[in-house]
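User: I would like to go through this two-chain model with you. Could we start with how the helices pack and then move on to the backbone?

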Amino acid sequence: MSYELRRRLWAGILILGFFATWEILCLALQVSDLVLPRPSQVFATLFDRLGILWPHVLQTLWTTMIGFVLGVTVGVVIGAAIGVSRTAYDTVYPLLIGFSSIPKVAVVPIFVLWFGSGATPAILTALAMCFFPIVVNIATGLATTEPELEDVLKSLGASKLDILWNVGLPRTMPFFFASLKIAVTFAFVGSVLSETVASNKGIGNVMMTASSNFDVPLVFAGLFLLAGLGILLYVAFSLVEARVTGWATRRQGFASA
Amino acid sequence: MSPPHAIPQGRPAIAVELSQAAVSFGAPGKSVAALQETSLRIAAGEFVALVGPSGCGKSTILRLTAGLLQPSRGAVLVGGREVAAKALRIGMAFQNPTMLPWLTIERNVMLPLKIVRPFRSDYRAKRKTEYRDRVHALLADVGLDKFAGHYPWQLSGGMLQRANLCRALIHEPSLLLLDEPFGALDQFTREELWGTMQSLWLKRKPTVLLITHDLKEAGFLASRVCVMSARPGRIIDDSAVDFPRPRTIQMTFDSEFVALNQRLRDLIIDARTDTAIRGA
């Protein structure tokens with residue numbers, strides 16, 4: 001058996017083991033499903049009510065994705081500005097750090113006040129949650145451009161935009177994709193957060209309603225769905241990352257080839 | 001013999017002229033001088049090496065010439081104008097080859113063609129035809145033609161530095177600025193690259209300003225060697241090097257070459273001890 005296969009098999013066994021331990025402990029200690037449902041109950045609920053849950057999943061998914069796309073756009077623009085301009089760095093960075101320190105739960109009521117409940121505050125909260133890691137990573141990527149290379153390009157008469165486009169942005173790609181994977185999970189947190197506070201649709205709303213009805217297995221079904229979606233998107237971006245920024249990791253592949 | 005592009009029409013006889021150029025950093029009153037009033041004229045087609053103790057302002061002169069830095073006093077004229085990049089085509093290479101890791105060697109070397117006028121306007125149309133052939137021809141000159149499709153991390157330090165020279169030359173600059181390009185290489189690779197550099201220069205005859213710590217390198221490559229004093233630097237010696245070309249490594253063991261080397265060495269040691277005494 002190859003090393004790779006054995007590694008994957010082990011990982012699979014341990015993950016299954018995690019759920020099995022959970023199941024066994026609940027049975028052994030006779031934990032009520034009002035406190036902590038067993039994984040088997042959660043999955044059963046998930047399949048039983050998938051028909052009802054599905055529209056909510058789609059709602060959460062599309063608000064998250066729109067918030068994420070907007071967040072990425074905002075993040076790239078601000079990150080590029082900070083990385084290129086000293087003034088932007090000095091003024092925008094302190095403001096951003098202040099903003100990112102605010103717990104986003106506190107911002108949701110303001111969004112609701114401005115835009116009413118529903119999809120809009122969910123999108124905005126997702127945006128607010130996810131753009132900061134992108135800003136930081138893009139700015140860092142731009143700041144690490146070798147000064148010698150900038151000199152070479154400037155002596156060729158390159159404009160700031162030339163340098164940004166040919167050197168700065170490609171160099172930030174590994175940083176960018178690393179931050180995308182984090183940002184997409186943050187975006188989920190944001191939209192679900194908003195749904196729990198002010199929405200009548202979405203997984204966050206389902207979980208709120210379920211918990212007030214003491215339908216704890218359904219609450220956990222919501223959690224599992226969120227975790228599953230998060231993993232799915234994380235994997236999707238990892239695959240894109242491997243294609244686009246292979247040059248950053250190819251060194252390892254080369255060494256082992 | 002030489003290709004037609006080697007002698008652009010209307011090229012000024014003086015490629016670079018520093019007249020009483022001085023550079024100091026920091027606020028007025030508390031400023032630190034990096035370069036004392038320095039005058040230096042480099043004729044078109046000359047190969048000038050600048051040597052001196054470390055920190056003496058060699059790189060400052062190079063950056064002034066490239067237009068990356070403005071003199072605090074005095075003037076710097078490149079190709080008869082104050083803005084270097086607009087007056088002449090400039091190529092630069094540093095000790096760090098700074099190849100972009102996401103591009104092949106071919107695309108790395110081609111980068112200036114994407115940026116410099118007039119090449120940039122045709123970049124999309126010609127990058128797979130004319131420009132590609134040009135890059136390959138130049139890579140062949142330095143023995144890298146088989147590595148055009150490789151990525152930088154697949155090449156050794158000496159090969160990367162050859163590619164770096166190609167990138168500095170692909171847009172046919174009339175002024176080439178080199179800041180210790182061979183400094184990080186081992187002795188044998190370095191001597192090999194001197195030969196490469198010499199033949200590139202003989203073939204194209206750009207004006208070259210080479211900064212180096214290596215006196216043997218200066219003597220081997222340059223047609224003129226300028227020695228600088230310790231910081232804040234100024235030029236204390238300026239001598240022509242008339243050994244016939246193409247020069248060989250064997251020649252560096254001749255008594256005349258050794259004598260030149262010895263003289264330059266003494267000058268720099270004097271310049272260093274001067275400051276040591278002044279500093280004490």
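Analyst: One convention is needed first: axes are lines fitted to C-alpha atoms, for helices over the stretch in contact, and angles between N-to-C directions run from 0 to 180 degrees. Please also keep in mind that this is a predicted model.

User: Understood. At roughly what angle do the axes of α5(A) and α6(A) cross?

Analyst: The axes of helix α5 (residues 108-115) and helix α6 (residues 119-143) of chain A cross at roughly 140° and come within 9 Å. Because angles over 145 degrees would be needed for roughly antiparallel, α5(A) is classed as oblique to α6(A). The crossing of α5(A) past α6(A) is right-handed.

User: Which residues of α5(A) and α6(A) make the contact?

Analyst: Val108(A), Phe111(A), Val112(A) and Phe115(A) contribute from α5(A), while Thr120(A), Pro121(A), Leu124(A) and Thr125(A) contribute from α6(A). By class, this contact of α5(A) with α6(A) has 6 nonpolar residues, 2 polar and no charged.

User: Why might residues three or four places apart point the same way?

Analyst: An α-helix has 3.6 residues a turn, so residues at that spacing point the same way.

User: And how do α6(A) and α8(A) cross?

Analyst: Their axes come within 7 Å and cross at roughly 160°. The helices α6(A) and α8(A) are therefore roughly antiparallel to each other. Here too the handedness can be stated: α6(A) passes α8(A) in a right-handed crossing. The residues of this contact comprise 19 nonpolar, 10 polar and 2 charged.

User: Let us turn to the interface. How many residues of chain A are in contact with chain B?

Analyst: On the chain A side there are 17 residues, in contact with 20 residues of chain B. The helices α7 (147-155), α8 (160-197) and α11 (246-256) of chain A each supply at least two residues of that side. The largest share, 7 residues, comes from α7(A). The side of chain A that touches chain B has 8 nonpolar, 3 polar and 6 charged residues.

User: Changing topic to chain B: is α6(B) mostly covered or uncovered?

Analyst: Helix α6(B) is mostly covered, with 10 of its 13 residues buried. Among them are Leu160(B), Leu165(B), Cys166(B) and Leu169(B), as well as Arg162(B) and Arg167(B). The buried residues of α6(B) pack against β5 (90-94), α3 (105-115), α5 (130-141), β6 (175-179) and α7 (187-204) of chain B.

User: What span should α6(B) have?

Analyst: At 1.5 Å a residue, the 13 residues of α6(B) (residues 157-169) should span 18 Å, and the end C-alpha atoms are 19 Å apart, which agrees.

User: What is phi of Gln20(B), and what about Lys205(B)?

Analyst: Phi of Gln20(B) is near 50°, a positive value in a residue other than glycine. Gln20(B) is found in strand β1 (residues 14-25) of chain B. Lys205(B), which is not a glycine either, has a positive phi of about 50°, and Lys205(B) lies in the loop between α7 and β7 (207-211) of chain B.

User: Is Gln20(B) buried or exposed?

Analyst: Gln20(B) counts as exposed, with 12 C-beta neighbours inside 10 Å. Lys205(B) has 17 other C-beta atoms within 10 Å and is partly exposed.

Definitions and conventions. Residues are numbered from 1 along each chain as its sequence is written. Chains are lettered from A and ligands numbered from 1 in the order in which they are written. This is a predicted model: local features need pLDDT of at least 70, side-chain atom pairs count only at pLDDT 80 or more; totals for chains, interfaces and linings use all residues. Helices (H or I, at least four residues) and strands (E, at least two) are DSSP runs, numbered from the N terminus. Angles under 35 degrees count as roughly parallel, over 145 as roughly antiparallel, 65 to 115 as roughly perpendicular and the rest as oblique. A crossing is left-handed if the near helix is turned anticlockwise from the far one by less than a right angle, and right-handed if clockwise. Two residues are in contact if their C-beta atoms, placed from the backbone, lie within 7 Å. Ala, Val, Leu, Ile, Met, Phe, Trp, Tyr, Cys and Pro count as nonpolar, Asp, Glu, Lys and Arg as charged, and the others, Gly among them, as polar. The expected span of a helix is 1.5 Å times one less than its number of residues. A residue is buried if 20 or more other C-beta atoms lie within 10 Å of its own, exposed if 12 or fewer, and partly exposed in between; C-beta atoms are placed from the backbone.
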